[in-house]
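I've opened my notebook for this one. I'll jot down what I look up as I go.

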Amino acid sequence: MTTLALIYKFLIQILPAIQITLIISVASIILGGLLGAALTRAKLSSHWWWRAIANVYISVIRATPAIIMIFVVYYGLPFLIKGWFHVSIEGWNRMYFVVIALTLLFSAPVAEIFRSAYLAVPAGQKEAALMVGMSPWQAFIRITLPQTFVIALPNLANAIINLLKEGALTFTIGVVDMVAKAQMIVANNSGGFAFETYGALALIYWVISLAIDKLVSLVESSFQKKRQAIQP
Amino acid sequence: MLTIKNLTKSYGPQQILKGIDFQVNQGDVITLIGPSGSGKTTLLRTITTLEKGDGGTIDFAGVQGELAHLSKNDIRTIRQNVGFVFQNYNLFNNKTTLQNVTEGLVVAHKIPKAQAKTIALAALKKVGMADYVAHYPSQLSGGQAQRVGIARAIALKPQVIFFDEPTSALDPELVGEVLKVMRQLAEEGATMVVITHQMNFARNVANKVVFMADGQVVEAGSPADIFDHPQVPRTQQFLAEILSNV
């Protein structure tokens with residue numbers, strides 16, 4: 001078999017596990033995004049203690065390598081939960097631990113992205129909304145938030161691709177994702193065809209990243225043309 | 001209709017407004033003139049609750065109270081009864097021209113969408129922007145954007161419309177189209193308070209001119225009083241400087 005044919009063969013074998021990767025990624029993006037939004041709120045709070053809590057959290061999370069975060073959550077969390085609530089979570093599906101770890105990891109950069117995007121929306125937008133009689137919450141939901149989102153998009157895409165790559169460490173606690181599948185294939189071949197196997201895996205990651213990039217730039221250009229800020 | 005008494009406001013150690021009394025009657029067109037830094041914009045922003053006053057009282061739209069201690073409801077009531085036209089337009093960047101006008105009607109004033117659209121189209125027609133309903137702010141010129149800004153304010157049928165230097169950000173050739181709309185509003189009897197450096201507008205359209213300097217109202221009166229017979233030296237000096245530049 002040629003190298004290409006082998007890569008294709010392994011690709012087909014690895015691909016079914018993509019759903020594990022996707023489930024973990026999507027769950028972490030949603031939960032991490034929400035946590036990130038809450039952190040943004042804390043960082044923009046007028047109370048210094050909220051800002052302090054958010055800053056310490058973000059600096060700690062940012063400094064933690066993904067693999068360490070996954071191990072800390074996997075080995076540490078059941079310990080803590082048992083100590084505090086006397087509940088055993090050791091039997092949980094291991095995917096939950098990965099999702100928790102990745103949610104924590106994702107929330108920190110997302111909080112920074114949201115914060116800078118929010119501050120980039122001119123203050124006059126909110127003021128104009130208040131002056132047509134909207135409540136602060138209505139002004140946020142209808143006027144400021146949609147503009148924040150558009151500004152945040154490119155950086156958000158980067159963060160999502162990062163998360164996807166960090167998710168490749170899922171196999172380290174025994175979840176059978178694409179990486180674990182690739183390792184099994186190599187093991188079954190007694191260590192042979194490792195290049196072709198991991199090459200197939202890299203190809204899959206590349207295509208997913210490409211798809212995210214493409215999707216974001218499509219969304220972006222549909223907003224950008226009409227929604228860019230007006231230059232007085 | 002709107003009465004402000006003894007309004008004070010500071011930013012840090014610097015006092016911007018030093019006890020302003022300000023009265024607007026139904027149908028008034030008041031222009032606020034004065035050197036930059038005199039507190040004109042801060043006065044407008046404090047009356048409309050965009051800024052919080054430190055001291056002083058307001059009596060407007062059924063709200064009577066101290067500006068420093070207005071309840072959320074009071075603030076909402078005041079905001080729903082004023083219109084505000086900003087120097088740099090502040091059109092909602094994520095909304096079309098039509099949506100810019102309907103947004104406040106539908107979301108804040110709970111007017112049904114179809115009715116809001118009718119009101120908005122009438123307002124846009126009045127300012128000559130009915131052909132641009134589907135445009136986004138970034139596709140409009142400054143003069144067009146400001147006219148939409150005015151349509152957004154008048155559609156809400158506010159008791160008073162405040163204009164914060166509505167033509168200052170415009171290219172000179174676009175100033176006329178905006179002033180024309182404002183003149184038309186004044187003729188139709190709208191109550192307006194206008195900060196402007198357009199002395200012709202102040203002289204010819206307003207029924208009252210208020211000259212501010214250093215956080216105080218220095219002199220107020222009819223345009224003829226202020227422009228032809230200013231009593232206070234500070235006013236005379238300001239007008240001499242302004243008019244010599246024309």
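**Where the chains meet**

I started with the contacts: 23 residues of chain A touch 32 residues of chain B, with contact meaning heavy atoms within 4.5 Å. Ground rules for myself: this is a predicted model, where local features need pLDDT of at least 70 and side-chain atom pairs pLDDT 80 or more, while totals for chains, interfaces and linings use all residues. Residues are numbered from 1 along each chain as its sequence is written, chains are lettered from A and ligands numbered from 1 in the order written, and side-chain values use heavy atoms, with hydrogens and water left out.

I looked up the buried area next (the accessible area, 1.4 Å probe, that two parts lose on being put together, summed over both). Between chain A and chain B it is about 2500 Å², and carbon and sulfur atoms give 59% of that.

Then I checked salt bridges (a side-chain nitrogen of Lys or Arg within 4 Å of a carboxyl oxygen of Asp or Glu). I found two between chain A and chain B. Glu103(B) pairs with Arg142(A) in a salt bridge, with the closest N and O atoms 2.4 Å apart.

Which elements of chain A give two or more residues to the side that touches chain B? They are α6 (123–131), α7 (136–166) and α9 (194–227), helices being DSSP runs of H or I, at least four residues, numbered from the N terminus. The largest share, seven residues, comes from α6(A).

**The annotated spans**

I also noted that the unreviewed UniProt entry annotates residues 20–40, 52–75 and 95–118 of chain A as "transmembrane region"; such annotations may be inferred rather than shown by experiment. Residues 95–118 of chain A are 100% helix, with end C-alpha atoms 33 Å apart.
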